[in-house]
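Subject: Structure for your review

Dear colleague,

Please find below the structure that I am handing over to you. My notes on it follow directly after.

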Amino acid sequence: MSKPLYTLAEPMRKPAERGSKIVHAFGALADLGAEVANRGNFQDTIRTSLHLLLGSLGIMRGGVGRYSLYDGEVVFAAVRGLGDEFPLSISLTRDDERLMLECGTAALEVLDARDLPVLSRFGWIFEAKGIEIIVPLVVRDELLGMLVVGEKATGEVYANHDKDIICAMGRHIGVAISQRNLLTELERKADETRKLYEDMRATYNDTVRAFAAAIDSKDKYTEGHSTRVGKYTEIIARELGWPDDEIEGASVAGYLHDVGKLTVERKIINAPYKIDAKESKELNRHPAVGYEILLPIHHPYADVPLAAKYHHERLDGRGYPDGLYDREIPYIAKIVNLADSFDAMTTDRPYKRRRPVNEVIEDLQHNSGSQFAPEITSALLRGILRETTGETKDKRFRRLLGREYMETENLSPLIAHALDNIGATQSIVLTA
Amino acid sequence: MIHDLEFGAAVAVASEATIFSPTSTPVRVRTVAVVHAGDYLNKLSGESVERECRERIAEGARELILNFSRTEIVNSIGVSILLGVIDAARSSGAHVVFTGVNEGTAELFEMLGLTNHVELV
């Protein structure tokens, strides 16, 4: 190599050199600390860390490997100047791990560390690549990886203070790997918990649907009623713009709204005639009984028992069991009330046939503000209109009500007209 | 022929020479490449300077001139990147020259041994 053309004044350079080296190394250490604290991309952190390590002492080549206890492999996350032949993965034996843990984060000179089994297998490539020092990365008695470093650009041998700097930086890099491992473990556990939660939710929803089927099995004429009310409730909640988890809760409230009927005599539920006052009193107990059944259960959604208790209340206070007015009625109960009434109007009953859809629309419009909350009625009608106009490809109402029923002539204009009228209705605040 | 290449982190200027291969087909190679280090050597994005140098060397440059006239400070990341350039040049037998280096940076290069491998002019 030719003599440098640029030279510094000798008296200026020599006395300052040692101090400058320390200042430069401390700068690199501070930058490394900041890099480790910055929880950005892990690969970038490791690459930057290796640059800082090599640049702090002017080291020509090196690498940072991450150790996996599970497969006993050190996988190099960053290498510089080691060429394509250098293996990116090195397997360690239990003896390697034990010996490295005994050393802690200390600089091991390759020439003096021949008792490490890994060097009997990879020593030749370490030698060929000029690797002089290995530093195990140990944090809290756990081997997390290793640093390998080659020769200094000055050609000097490593002084003890150089090794101290390398080890100090190695501890920082070890902390970065430790943080990453902890984060990965946290993510894995969070993922497991999420899956467990999903399984539990699926089990809960299956149980809810099974209950709905059990409730419906008591009434041979209204088979599928609870299931349909669950679905209508879900549609209305979605039209109202509720978030997904609340829509799911609303749907559950719909499925279980009639759970109290399990305690009502079958002959009353299935009576093929208009029931008398005594039987009516018995039947009308079902909301309160449903509430009692559902209250002790820890539902993921708070309003499920309230929906069961108040789904026969009306805005004008003429409902039961408590004759509540408008704002006294829980919102979910107003939705279930509409879904329940809509299903009653659109399905055959023991003593009457279902009503034509145009009559149902007119009825909803007529009773909006007295029995039904206007914005909830509008939400249901919007859902139907989206389907009749083809705005949505979803055929939910068609599946629930039948194709013929939904293809009634001029249904879309009728719904649009009803929506206009309901939209003009002022929300009446009714109180006792 | 001389031309400028804009490539984000640095600007390279290369001169070309025509050499003759044993098959007598003339091959044009760039013999001198100039790469401006810019002010990018203090972070990971500085690796683009190294990539550019490696490309010029791979294209056949035998004289690589790194211009530091727009570089105020070089930190440890920059030193590591430059060591990578030196290593690549050495493997290919290319000669590296650093130019426009300020006094503080020159001291650093000398202290860390870079001047054992490059010329400072």
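Helix α2(A) lies across strands β1 (62-68) and β2 of chain A, and runs at about 60 degrees to β2(A). Please note that this is a predicted model.

The sheet of chain A is open and consists of six strands in the order β3-β2-β1-β6-β5-β4, with antiparallel pairing. Strands β3 (89-91) and β4 (108-109) of chain A stand at its edges; each has a single partner strand, so one side of each is left without a neighbour in the sheet. For β3(A), the antiparallel pairing with β2(A) (residues 73-80) extends over three bridges. Opposite S91(A) in β3(A) stands E73(A).

Helix α2(A) (residues 42-57) also packs against a helix of chain B, namely α2(B) (residues 76-92), at an angle of about 85 degrees and with the axes 7 Å apart. The two helices are therefore roughly perpendicular. Among the residues that make this contact are H51(A), L52(A) and L54(A) of α2(A), and I77(B), V79(B) and I81(B) of α2(B). By class, the contact of α2(A) with α2(B) comprises six nonpolar and seven polar residues, and no charged ones.

A further helix pair lies within chain A: α6(A) (residues 225-239) and α14(A) (residues 374-388) pack at about 100 degrees, with their axes 8 Å apart. These helices, too, are therefore roughly perpendicular to each other. From α6(A), the residues I235(A), I236(A) and E239(A) meet I376(A), A379(A), L380(A), R382(A) and G383(A) of α14(A). Five nonpolar, one polar and two charged residues make up the contact of α6(A) with α14(A).

With kind regards

Conventions: Residues numbered from 1 in each chain as written. Chains lettered and ligands numbered in written order. Predicted model: local features only at pLDDT ≥ 70, side-chain atom pairs only at ≥ 80, totals over all residues. Axes fitted to C-alpha atoms, helices over the stretch in contact; angles between N-to-C directions. Helix = DSSP H or I, 4+ residues; strand = E, 2+ residues; numbered from the N terminus. Parallel < 35°, antiparallel > 145°, perpendicular 65-115°, else oblique. Contact = placed C-beta atoms within 7 Å. Nonpolar A, V, L, I, M, F, W, Y, C, P; charged D, E, K, R; others polar. Pairing = 2+ DSSP bridges.
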